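I set down each term before I use it.

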Amino acid sequence: MSQSTIKESSSKSIDLKKALSRIKRSIWVFHINTGSCNGCDIEILDVLTPYFDVERFGIKLVVSPRHADLALLTGPVTIKTFSKVYRALSAMPRPRFVLAIGSCAVGGNIWFESYSTMGGFPKVLEMFSEMGLEIDGVVYVPGCPARPEAIIYGAATLLGLQKPKTVYRRFKA
Amino acid sequence: MVKFLKIIPIAVKTGTVTIKYPYQEPLVTDSFRGAIEIDPNKCVGCGACTRICPPKALTLTTESNTMILRYFVGRCIFCGMCADTCPEKAIKITKEFELATGNIYDLYSDVEHEVKTCSICGKTFTSKKLSNKIASKVPDIPTETMDLCPDCRRKETLKKFIGVPEQ
């Protein structure tokens, strides 16, 4: 948690704003399950139903990553799905965004040090940048599973409708 | 055509079901568990929560002269076992679930503890707060071994019984 990492992250958020301004139309989403337990997938389905109706924000589910601006990524990214995730994300046109949903995608959950998973999307993101795949913006949505409201909140954070509440805190006991 | 028109009175009767979530209060029940909150005044740094936490979202690490209890919300599964285990009742379960952020470092929160060093070997072994707590609770605690780490304490106690080995 050094000063350089905080500076880097703040410069990243400026990049996110720039990239977002390049999207002029509604955001279309593509759903990738990377070895999730289906809990988060059911919640994503819930978000798309008329009760939570995420189409209010123009978000629409598409079946091909080539049509999508945003990938809804669930699961801890297992070794088997890693190459598929790479292919799906590289098929998306720039600017490409990722919404990492659930504690598996954010921090790896109970599988964070397992031999068969990559341990969450942040670790995969580092590998992608080494492999030359650029991702313009990532929003992390914790929750096990993430509530439909939490997913809507994450999407609203990405679209710039709301400011994120959580900040890094350090207390002295 | 006529069959399709049947849906109109049903739709009129039901009305709009869509919630206006970001512009409306979310439905949160009493039994809902969200992110935890550690009270830094009550926490003694015993590490009971780090041992019970299934995904190790709570970790206890030592950085030079401070002990840090780190909570990573991104890995938390909101089971609430830490709040049940905490002997000081320092951990409280809140109903916070709007945790989405674009920066992964925002999901961490740290509690710093002052650390006690062994007077013989200079190793760090426990927080000052926990040591003081034990000293105040246990009535006849041997004060001369309170500043020693577990290894040195064992050696010192043995020396008392056996004596210093001849070289």
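**Entry 1: terms.** I count two strands as paired if DSSP finds at least two bridges between them. Helices (H or I, at least four residues) and strands (E, at least two) are DSSP runs, numbered from the N terminus. In general, strands of a sheet pair through backbone hydrogen bonds, either parallel or antiparallel.

**Entry 2: the model.** I note that this is a predicted model, in which local features need pLDDT of at least 70 and side-chain atom pairs count only at pLDDT 80 or more, while totals for chains, interfaces and linings use all residues. Residues are numbered from 1 along each chain as its sequence is written, and chains are lettered from A and ligands numbered from 1 in the order in which they are written.

**Entry 3: the sheet of chain A.** I looked up the strand order and found an open sheet of five strands in chain A, β2-β1-β3-β4-β5, with parallel pairing. Strands β2 (60-61) and β5 (137-141) of chain A each have a single partner strand, so one side of each is left without a neighbour in the sheet. Inside this chain, β1 (residues 28-33) and β3 (residues 70-74) of chain A run parallel and are joined by five bridges. I traced one of the pairs: His31(A) has Leu72(A) in β3(A) as its bridge partner.

**Entry 4: a helix on the sheet.** I then followed helix α6 (residues 148-159) of chain A, which lies across β4 (97-101) and β5 of chain A and runs at about 155 degrees to β5(A). Such angles run from 0 to 180 degrees between N-to-C directions, and axes are lines fitted to C-alpha atoms, for helices over the stretch in contact. Two residues are in contact if their C-beta atoms, placed from the backbone, lie within 7 Å.

**Entry 5: strands of chain B.** Here β2 (residues 58-63) and β3 (residues 66-72) of chain B pair in the antiparallel sense over six bridges. Their hairpin has two residues between the strands, and Ser64(B) takes a positive phi near 45 degrees. β3(B) also pairs with β5 (residues 108-117) of chain B, antiparallel, over seven bridges. In that pairing, Tyr71(B) has Ser109(B) as its bridge partner.

**Entry 6: where the chains meet.** How many residues does each chain give to the contact? I recorded 46 residues from chain A and 36 residues from chain B. On the side of chain A that touches chain B, α6(A) supplies the largest share, seven residues. I also found that β6(A) and β5(B) pair in the parallel sense over four bridges. Lys172(A) stands opposite Glu112(B) in β5(B).
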